[in-house]
Amino acid sequence: MAVVEMRKLTVIGLNSSRTPFIHELMHLGVVEINSQEGTVNDEEWMPDIFRTSNSADVSRLEADIARVSTALEAINRYDTRKKPLFQVREEIDRGEFVNHMNRTKTETEMNVDTAVMCYKQIADGQNEVNRLKGIIAGLKPWESMDIPLEMKETKYSTVIYGTVGVKTKYDSLLQTVLEKVPSAVVQQISVDTQQIYISIICLKEEREQVYETLREFAFNPVSFAEHRGTPREALKQYETQVEENRQRILAKEAILGELSVSRSNIEFLYDSLNMRRDRAKIVGDMLSTEMVFYFDGWVPKKAQAEVEALLQKYEFYYSINEPEPEDEVPVCLHNGGLSTPFEAVTNMYSLPSRHDIDPTALLAPFYFIFFGMMLSDAAYGIIMAVGCWIILKKYKLEGMTYRMIKMFFYCGISTFIWGALFGGWFGDFFTVTAKTLFDVDFVIKPIWFDPLAEPMKLLVFSLILGGIHLFVGMGIQAYMLIRDGHPLDALFDIGFWYIILIGLVLFGIGGSVSPVMVTVGKGMSIVGAVGIVLTGGRSKKSIFGKITGGLGSLYGITSYLSDVLSYSRLLALGLATGVVAKVINTLGSLAGGGIKGAIILLIAFVFGTIFNIAINALGAFVHSCRLQYVEFFGKFYTGGGRPFAPFERRTKYIKILKEEKNNG
């Protein structure tokens, strides 16, 4: 287990060599460059030294990246080819990448323009279709009317269109209008679930009187100012426009589908622009005069030699020093062997602070054990391990995704081991199948014991594991105190707790081994308790404060009790997997034997197994993490470290391979 040791780097170089140097530094990918924002605002540096502003270049490149991203989004949406389960980067040599970009850049940029234009036209066309559909929906209720919609009035008469609520009594409305305006012609055009659609023809001089009469019925006037012809004619026209727009959309979608063959070239362009943008940003993070530039940052100690070789190649001034106590040092984890995948667990919580140790190698075996105990079915473990192994072989995964899949591969192995120990093979599926279909008694016996038959045995074992887990966490805290020059604190704050906790265990259960154990346990408990009371308040100034502080520290024994009891979740989740599997198998067997019973049993088995693995694997993952984050980390871990972010090629679709050293 290790946190990579960092060195502080300071560089001053000639501007004439900056561009090729930045390219090689990005290719090296091991130096984090600090922003010089604070230095720029320091009056000691200004105005003799100014910051190079690349904001215009960065903004232009950001706009280009957004445009290419839009093109990729458009093409991916209409690409009918099968998509891979995991997105993996295509590996390519540096020289091959440069040649490829030089050869295809012009055509690729034209394809990007085409894709973006088609995507916009599709969006515009879809908006127009939606607008026309809204108009059509508004005209549909008036379809049976034979009056041209543009006709608002004649020389002596006017036409009024509108709606009233469907609960309105139309006969009452008709009678009221005719009583007030006998010459009016009122017609109900249609009715739907919400409204009644009405047209009224009246003399111009009676229009206001008609409106006044309709007001008591909550009448809403409707205008057709933008339409021409009868509603039926207008509807036909709009439906034709909808179809024309749909055809144009389909044509543009077909173009985007054809561009899918050029997607890889566009992905290359996207990553090329990202690298150019990152280089432009880095230039903006440096200070420069007319002749020289300056930056500082961080480099891992193990990469110091190759960074120095690059700096010496360009004959730059540099210094590489150990960090000062007040420096915020970036954190990079480096674990070998079986521990590496479990960095995912540490990263999900928080990176260690500068004064922490990397807990990954210590939590890895516990996580491995806890996950397997919680899922605890040998067949489920085989499925998980084989599935993860296939994914790892088929895809060249990287980063957090690789670590997570590799971790679940190991957890599958653990699940298989614990399942075999506890006798879980798809629950009791084989036993149920043999009895239901063949009337044969068949039982796969556990190598150790069956938790459903002996739950207390598993509970005791879980609590013992929990105690060991907590003791390891406390031991790490003691180690850190001794490392930092506080051995007495390690004795008082950890040693006495070891004594009292071990003593209480011996006092409680030591009698089953030997009566002497009870006496020893009682003595250890007293010594530990006295030690905690006498030293727990040592930071207080007054006698009363020291006494109350010591008693308060001793009261902390309740938190240790609750921490140990938290490990009972190993029992709960371990039993849950087996119980759910047994319930599923029992339900599947209710149809009895025969072909029908076999089919129902198989269906219940398949769907039940998928459900059980999904829900209980998620529970095992979450609760294994919780035991690390709350109980284990709570004993020694601070966290809050800032991740090391080197200036490197951060690409999404391609991985440019580093040349071997003997190839330059």
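Residues are numbered from 1 along each chain as its sequence is written, and side-chain values use heavy atoms, with hydrogens and water left out. Because the model is predicted, local features need pLDDT of at least 70 and side-chain atom pairs count only at pLDDT 80 or more, while totals for chains, interfaces and linings use all residues.

A pair of aromatic rings is described by the distance of the centres and the angle of the planes. Here, rings of Phe, Tyr and Trp (its six-membered ring) pair if their centres lie within 6.5 Å, with planes under 30 degrees apart called stacked, over 60 edge-to-face and the rest tilted. Across the whole structure, the search returns 48 aromatic pairs. One of them joins Phe426 and Phe430, a tilted pair with 6.2 Å from centre to centre and 55 degrees between the planes. Burial follows relative accessible area (1.4 Å probe, protein chains only): under 20% is buried, over 50% exposed, and in between partly exposed. Phe426 is buried at 15%, whereas Phe430 is partly exposed at 35%. Phe632 and Phe633 also make a tilted pair, with ring centres 6.1 Å apart and planes at 35 degrees. Phe632 is buried, with a relative accessible area of 1%, and Phe633 is likewise buried at 1%. Both belong to one aromatic cluster, which also takes in Tyr349, Phe366, Phe370, Tyr567, Tyr629, Phe636 and Tyr637. A charge over a ring is found as well (NZ of Lys or CZ of Arg within 6 Å of the ring centre and within 35 degrees of the ring normal): Lys635 lies over the face of Tyr560, 5.3 Å from the ring centre.

Salt bridges come next, each defined by a side-chain nitrogen of Lys or Arg within 4 Å of a carboxyl oxygen of Asp or Glu. The whole structure holds 31 of them. In one, Glu24 meets Lys313, with the closest N and O atoms 2.7 Å apart. This pair links distant parts of the chain, 289 residues apart: Glu24 sits in helix 1 (residues 18–28) and Lys313 in helix 9 (residues 304–313). Helices are DSSP runs of H or I with at least four residues, numbered from the N terminus. Glu24 is partly exposed at 23%, while Lys313 is exposed at 54%. Asp278 and Arg277 form another salt bridge, at 2.9 Å from N to O. Asp278 is buried at 12%, and Arg277 is buried at 12%. Shared partners also join Glu5, Arg7, Lys301 and Glu322 into one salt-bridge network.

Turning to pockets, a 1 Å grid over the protein atoms alone was used; a pocket is an open set of points where a 1.4 Å probe fits, with protein on both sides within 12 Å along at least five of seven lines, and lining residues have an atom within 4 Å of a point. Grid points are joined across faces, edges and corners, and a volume is the space filled by probe spheres set on the points. The largest pocket has a volume of about 920 Å³. Its lining counts 28 residues, with Glu398, Gly399, Met400, Arg403 and Glu648 nearest the centre. Helix 13 provides the largest share of this lining, five residues. The second largest pocket has a volume of about 680 Å³ and is lined by 20 residues. Its largest share, eight residues, comes from helix 15.

Definitions and conventions. Helices (H or I, at least four residues) and strands (E, at least two) are DSSP runs, numbered from the N terminus.
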